[in-house]
Amino acid sequence: MYRDRQDAGKRLSQHLSQFKLERPLVLAIPRGGVVVGAEVAREIGGDLDIVMAKKIGARFNPEFAIGAVDLDGHVTLPPRGTQHMLLTGYINEQAAKLKDEIAEQMKFLRDNKPGKQITGRDVVLVDDGLATGLTALAAVKYIRRYESGLLILAVPVSPKETLGFLEEYVDHVVCPLTPPMFYAVGQWYVEFDQVADDVVKKSLCSSEPS
């Protein structure tokens with residue numbers, strides 16, 4: 001288990017030392033992933049920024065993800081799922097709404113500052129853990145469209161099956177803990193409190209060069 005997200009970030013960084021990264025950029029998924037990502041960026045000497053995707057919940061069961069949307073409005077469907085024709089309108093409607101929410105939230109968290117350049121840089125995508133991995137896949141596809149260099153997915157904990165379908169979309173996967181019995185990300189942390197927006201903003205601000 002990890003003591004907290006800072007501990008997870010430090011331990012994750014040890015597994016990233018094997019890679020020779022060019023102008024590394026750590027892209028963290030808010031909110032918890034930013035705390036982990038801040039430690040990773042500090043340890044590997046990289047820049048820190050955020051990347052975001054939101055799940056599209058089913059019409060009558062919002063917690064059940066039928067897709068995910070990124071900042072550009074691109075929709076990612078479950079790898080082994082099928083998109084029923086009757087859901088197309090609903091998915092597109094939700095995607096447009098969530099795209100605007102993502103833009104506003106990222107603008108707020110970045111304190112109106114522009115995002116870091118992705119093109120041509122080695123990128124480490126970080127979260128505090130994965131469950132289904134659908135929003136992480138949407139984030140990966142977003143990063144790929146901006147022609148990054150090496151793309152590494154680095155998370156402290158995840159089910160093996162989730163990593164199994166994600167590894168074909170990235171160059172490397174780093175995940176020290178892949179428990180056979182997985183119920184939730186938080187069960188693998190001693191402390192797993194909710195992360196406030198001001199903590200995210202502070203982490204991003206402290207990563208800026210002085």
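This is a short walk through some local features of the structure above. The model is predicted, so local features need pLDDT of at least 70, side-chain atom pairs count only at pLDDT 80 or more, and totals for chains, interfaces and linings use all residues. Residues are numbered from 1 along each chain as its sequence is written, and side-chain values use heavy atoms, leaving out hydrogens and water. Helices (H or I, at least four residues) and strands (E, at least two) are DSSP runs, numbered from the N terminus.

Let us begin with the backbone. Most residues other than glycine have a negative phi, and most peptide bonds are trans. With that in mind, look at Pro-30 and Arg-31: a cis peptide bond joins them, with omega about 5°. Arg-31 belongs to the loop between strand E1 (25-28) and helix H2 (32-44).

Two other loop residues also deserve a look. Asn-112 has a positive phi, near 65°, and lies between helix H3 (88-109) and strand E6 (123-126). Glu-147 has a positive phi too, near 55°, and is found in the loop between helix H4 (134-145) and strand E7 (151-154). Are these residues buried or exposed? Buried means under 20% relative accessible area, exposed means over 50%, and partly exposed is in between (1.4 Å probe, protein chains only). Asn-112 has a relative accessible area of 55%, so it is exposed, and Glu-147 is exposed with 58%.

Now turn to Val-155, in the loop between E7 and helix H5 (160-166). Val-155 counts as buried because its relative accessibility is 0%. Which residues does Val-155 touch, leaving aside its neighbours within four places in sequence? Contact here means heavy atoms within 4.5 Å, and the partners include Leu-12, Asp-127, Leu-163 and Cys-175. Val-155 also shows how a chain can fold back on itself: Arg-5 is 150 residues apart from Val-155 in sequence, with 11 Å from C-alpha to C-alpha in space.

Next come the aromatic rings. Rings of Phe, Tyr and Trp (its six-membered ring) pair if their centres lie within 6.5 Å; planes under 30 degrees apart count as stacked, over 60 as edge-to-face and the rest as tilted. The structure holds 3 such pairs. In one of them, the ring centres of Tyr-2 and Tyr-189 are 5.5 Å apart and the planes meet at 40°, so the pair is tilted. This pair links distant parts of the chain, 187 residues apart: Tyr-2 is in the segment before helix H1 (5-16), while Tyr-189 is in the loop between strand E8 (172-174) and helix H6 (197-206). Both Tyr-2 and Tyr-189 are buried. Tyr-189 also forms a tilted pair with Phe-192, 5.0 Å centre to centre and 40° between the planes. Phe-192 counts as partly exposed because its relative accessibility is 30%. Together, Tyr-2, Tyr-189 and Phe-192 form one aromatic cluster.

Charges can meet rings as well. A charge sits over a ring if NZ of Lys or CZ of Arg is within 6 Å of the ring centre and within 35 degrees of the ring normal. Arg-5 lies over the face of Phe-192, 4.1 Å from the ring centre. The charged end of Lys-201 sits over the ring of Phe-108, at 4.1 Å from its centre.

Our last stop is H6. Its buried residues are Val-200, Ser-203 and Leu-204. Seen down the helix axis, they fall within an arc of 95°, so they line one face of H6; the arc is that of the directions from the axis to the C-beta atoms. These buried residues pack against H2, strand E2 (47-50) and H3. On the other side of H6, Asp-198, Lys-202 and Ser-206 are exposed.
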